[in-house]
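I opened a new notebook page for this structure. My plan is to look things up one at a time and write down what I find.

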Amino acid sequence: MQIEYENVLDDHLGKIHFSVVNTCDILIPAHWHEHLEIIYMIKGNITAAINDTNYELKEGDIFLVNTNDIHYTLTHGDSWYYLLQIPPVHLERISASWKGMKFLEYMPAKPEETEVIKDIQGIEKREETELAKLRELLKAVFEKIAELYDEKTKGYHLLVLGEVYRFLYLLYTKGIIAEEMAEGRQSTRRDLKRMKMCMEFAQNHYSEDISLADVAGLLSVTPEHFCRLFRKYTGQTFLAYVNQIRMDHFYNDLLETDENITFLLDKNGITNYKGFLKKFRDIYGESPRAVRQKKRQLSLGITES
């Protein structure tokens with residue numbers, strides 16, 4: 001997985017990506033892409049973060065990542081969701097100023113959680129029934145696209161595109177938050193570009209001892225100023241981000257190699273063994289040894305009695 005930037009592969013003649021995703025205790029570290037990404041939760045629980053905001057996704061919730069927003073997800077247990085990713089080739093048809101548009105990020109299935117939307121997204125006058133109606137309309141589009149993908153009749157990709165444009169129409173007319181002013185958008189893009197450069201640096205040097213001074217030096221700012229900037233645009237500390245990358249590589253190495261666990265910790269730049277292993281248990285529910293053993297039993301078709 002390319003962590004600092006996700007190159008979404010279109011799997012469809014209409015140049016969109018749609019899939020039914022099943023994950024279990026999976027951390028996808030912070031990344032971004034130009035596609036508009038929308039998740040509809042079928043079942044399970046996922047912690048999703050965009051910039052400086054966290055959402056706890058549950059069955060029936062809709063979660064949207066605006067283009068180029070830095071985000072990450074952590075699946076808790078067994079979870080299923082629809083994933084729809086719409087590329088710029090379609091987004092640019094919404095409006096000439098589509099790059100500055102921000103759509104609703106979170107539409108919960110439970111009406112009592114509407115206050116979370118108001119608090120987090122600054123929406124004061126949007127009626128609860130209006131949000132519920134929008135969520136139901138978008139849910140229907142997801143289900144129709146899933147049906148078309150499942151049947152795959154001749155020319156189905158054209159019908160899928162029709163549903164995608166229905167989806168965009170609903171967002172544009174009922175789910176838009178704001179269109180950023182050009183000056184503010186330019187400033188934000190500049191800062192995001194700088195943060196993404198630092199994330200790329202972390203991706204390339206995660207196995208080394210990275211200091212705040214090292215990465216702040218890339219931007220010619222003080223470590224304190226860098227910390228404020230990084231938290232503002234990612235919602236986490238730089239150390240937490242680096243540890244996400246290390247966790248991801250360690251987890252993959254754990255399942256794909258027979259190397260000693262201590263060796264893998266050292267290989268991936270992890271020096272605080274105790275703290276890291278506690279975090280591993282928090283995410284995956286078990287020790288690295290137990291996770292490795294369980295995955296291998298599953299691959300061999302062995303189940304616990």
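**Helix 8 against helix 10.** I began with the place where two helices pack. Asn-243, Arg-246, Met-247, Phe-250, Tyr-251 and Leu-254 of helix 8 meet Phe-276, Lys-279, Phe-280, Ile-283 and Tyr-284 of helix 10. Contact here means heavy atoms within 4.5 Å. Helices (H or I, at least four residues) and strands (E, at least two) are DSSP runs, numbered from the N terminus. I sorted the contact by class and got eight nonpolar, one polar and two charged residues. For the classes, Ala, Val, Leu, Ile, Met, Phe, Trp, Tyr, Cys and Pro count as nonpolar, Asp, Glu, Lys and Arg as charged, and the others, Gly among them, as polar.

Two packed helices are described by the angle between their axes and the distance between the axes. I found an angle of about 75° for helix 8 and helix 10, with the axes 12 Å apart. Axes are lines fitted to C-alpha atoms, for helices over the stretch in contact, and angles run from 0 to 180 degrees between N-to-C directions. Helix 8 and helix 10 are therefore roughly perpendicular. The cut-offs are under 35 degrees for roughly parallel, over 145 for roughly antiparallel, 65 to 115 for roughly perpendicular, and oblique for the rest.

**What I am looking at.** I noted that this is a predicted model, where local features need pLDDT of at least 70 and side-chain atom pairs count only at pLDDT 80 or more, while totals for chains, interfaces and linings use all residues. Residues are numbered from 1 along each chain as its sequence is written, and side-chain values use heavy atoms, with hydrogens and water left out.

**The chain as a whole.** I found 11 helices and nine strands in the protein chain. Of its 305 residues, 48% are buried. Buried means under 20% relative accessible area, exposed over 50%, and partly exposed in between (1.4 Å probe, protein chains only). I also looked at contacts between residues at least 6 apart in sequence, and 73% of them join residues at least 24 apart.

**The largest core.** Which residues touch the most other members of the largest nonpolar core? They are Phe-226, Phe-238, Phe-250, Phe-280 and Tyr-284, in a core of 39 residues. A nonpolar core is a set of buried Ala, Val, Leu, Ile, Met, Phe, Trp, Tyr and Cys residues joined through side-chain atoms within 4.5 Å. Among the elements that give two or more residues to this core are strand 2 (27–31), strand 6 (71–86) and helix 5 (182–205). Helix 8 (238–256) and helix 10 (273–284) are also on that list. Helix 8 gives the largest share, eight residues.

Not counting residues up to four places away in sequence, Tyr-284 touches Asp-25, Leu-27, Met-247, Tyr-251 and Val-291. Apart from this core lies another, of 33 residues, including Ile-16, Leu-64, Leu-138 and Leu-148.

**Helix 8 against helix 11.** I turned to the other partner I had marked. The axes of helix 8 and helix 11 (residues 288–299) come within 9 Å and cross at roughly 50°. That makes helix 8 oblique to helix 11. Phe-250, Tyr-251, Asp-253, Leu-254 and Leu-255 of helix 8 make the contact with Pro-288, Val-291, Arg-292, Lys-295 and Arg-296 of helix 11. I sorted these residues too: six nonpolar, no polar and four charged.

**Buried or exposed?** I checked some single residues next. Asp-253 lies in helix 8 and is buried, at 13% relative accessible area. Leaving aside neighbours within four places in sequence, Asp-253 is in contact with Leu-264, Lys-267, Asn-268 and Arg-292.

Arg-135, in helix 3, is buried at 9%.

Thr-75 sits in strand 6 and counts as buried at 4% relative accessibility. With neighbours within four places in sequence left aside, the contacts of Thr-75 include Thr-23, Cys-24 and Asn-45.

**Positive phi.** I ended with the backbone. Ser-220 is not a glycine, yet has a positive phi of about 60°. Ser-220 is in the loop between helix 6 and helix 7 and is exposed, at 68%. Lys-152, also not a glycine, has a positive phi of about 50°. I placed Lys-152 in the loop between helix 3 (128–151) and helix 4 (156–174).
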